[in-house]
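Have the sequence and the coordinates open while reading.

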Amino acid sequence: MIRIVIAEDQRMLLGALSSLLDLEPDMEVVGRADNGEEAVRLVKELRPDVCVMDIEMPAKSGLEAAEELKGSGCKILMLTTFARSGYFERALKAGVHGYMLKDSPSEELAESIRSVMAGRRIYAPELVDDAGEENPLTERETEVLELMADGKNTKEIASQLYLTTGTVRNYISVILDKLGVGNRIEAIMRFKEKGWFK
C-alpha cells in the first residue's frame, strides 16, 4: 500500500484529491495538510511514501517544505497551477521526484505516484521545454529589482545598497531592457511570472 500525505491550501481540492487517491486499490491517504509547515510536520510524523504538495501555500511554500524534506526518504510530487521555470528549477534542486500541473487529467496523478514509487521522475513536458530559461539579471540587478518589488523608491534603494541614485537609475534601465518591459511594475510582474524571485 502506497501511503500518501497531501498538502493543498484549497480545501475543496484537498478533499477531492484525497477521495480520488483513496479510490485507488494500492493507495491510502494517511494525512492532509493545508500549509507547508503542517506538511513537513505530517511527513516527519507519519513517514509516508509520497507527499503530493502544492507550491503556493501559507506558512511555508511547497518549495520551502520540499527543501526541508530533502533526504527524508519521502518522495515529493509537486502539483501546481504554475508552469514557471524558476519554480521548476528550484524544485529540481530540492530533489523533488515529480512536478505536475493541476490541469493534467486526474488519472495521471495516480499513475505518476506509481511511477515515482518505481524510481522514475515525472515532470510535466511543458516545464521541461521552458527549463532552459535562466534569470538574465546579475545578482546586483536582482537585488535592485527585489527592493523595487518591496515598494522602495530609487533614493531608498540607493541608500540601502550604498549606491548613488544615478547608479540605481542605470541599474533600473538595464533591468527593464534585459526583461524587455516598459516600466518597473511590468519588470516585477515578469520576474514573478518566471518564478525568479527567491
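In which loop does Ala59 lie? In this predicted model, Ala59 sits in the loop that connects strand 3 and helix 3.

## Loop residues

Ala59 is not a glycine, yet its phi is positive, at about 70°. With a relative accessible area of 56%, Ala59 is exposed, because the cut-off for that class is over 50%. Pro58 belongs to the loop between strand 3 and helix 3 as well. Its relative accessible area is 44%, so Pro58 is classed as partly exposed. Setting aside residues up to four places away in sequence, Pro58 touches Asp9, Asp34, Asn35 and Gly36. Pro58 and Glu37 are 21 residues apart along the chain, and their C-alpha atoms are separated by 8.3 Å.

Tyr162 is a further non-glycine residue with a positive phi, in this case about 55°. Tyr162 is located in the loop between helix 8 and helix 9, and its relative accessibility of 77% makes it exposed.

| Strand pair | Sense | Bridges |
|---|---|---|
| Strand 1 and strand 2 | parallel | 6 bridges |
| Strand 1 and strand 3 | parallel | 4 bridges |
| Strand 3 and strand 4 | parallel | 4 bridges |

Individual positions show how the strands line up. Val5 has Gly31 in strand 2 as its bridge partner. Ile6 is placed opposite Val52 in strand 3, and Val50 is opposite Lys75 in strand 4.

In strand 3, side chains go to both sides: Val50 and Val52 point one way, Cys51 and Met53 point the other way, and all are buried.

Helix 5 (residues 106-117) contains Ser115. Is Ser115 buried or exposed? Its relative accessibility is 12%, and buried means under 20%, so Ser115 counts as buried. Beyond its neighbours within four places in sequence, Ser115 is in contact with Arg120 and Ile122.

## Nonpolar cores

The largest nonpolar core has 24 residues, of which Cys51, Met53, Ile76, Met78 and Tyr99 touch the most other members. Two or more residues of this core come from each of strand 1 (2-7), helix 2 (36-46), strand 3 (50-53), helix 3 (62-69), strand 4 (75-80) and helix 4 (85-93). For Ile76, neighbours within four places in sequence left aside, the contacts are Cys51, Met53, Ala66, Leu69, Val96, His97 and Gly98. Another core, of 18 residues, lies apart from the largest one, and includes Leu145, Ala158, Ile175 and Val181.

Which residues of helix 7 are buried? They are Glu141, Thr142, Val144, Leu145, Leu147 and Met148. An α-helix has 3.6 residues a turn, so residues three or four places apart point the same way. The cover over the buried residues of helix 7 includes helix 8 (154-161), helix 9 (165-179) and helix 10.

The packing of two helices is described by the angle between their axes and the distance between the axes. For helix 7 (residues 139-149) and helix 10 (residues 184-193), the angle is about 110° and the axes are 10 Å apart. The two helices are therefore roughly perpendicular, a class that covers 65 to 115 degrees. On the helix 7 side, the contact is made by Thr142, Leu145, Met148 and Ala149, and on the helix 10 side by Arg184, Ala187, Ile188 and Phe191. By type, the residues of this contact are 6 nonpolar, 1 polar and 1 charged.

How values were computed. Residues numbered from 1 in each chain as written. Predicted model: local features only at pLDDT ≥ 70, side-chain atom pairs only at ≥ 80, totals over all residues. Heavy atoms only, no water. Axes fitted to C-alpha atoms, helices over the stretch in contact; angles between N-to-C directions. Parallel < 35°, antiparallel > 145°, perpendicular 65-115°, else oblique. Contact = heavy atoms within 4.5 Å. Nonpolar A, V, L, I, M, F, W, Y, C, P; charged D, E, K, R; others polar. Buried < 20%, exposed > 50% of the residue type's maximum accessible area, 1.4 Å probe, protein only. Core = buried A, V, L, I, M, F, W, Y, C linked by side-chain atoms within 4.5 Å. Pairing = 2+ DSSP bridges.
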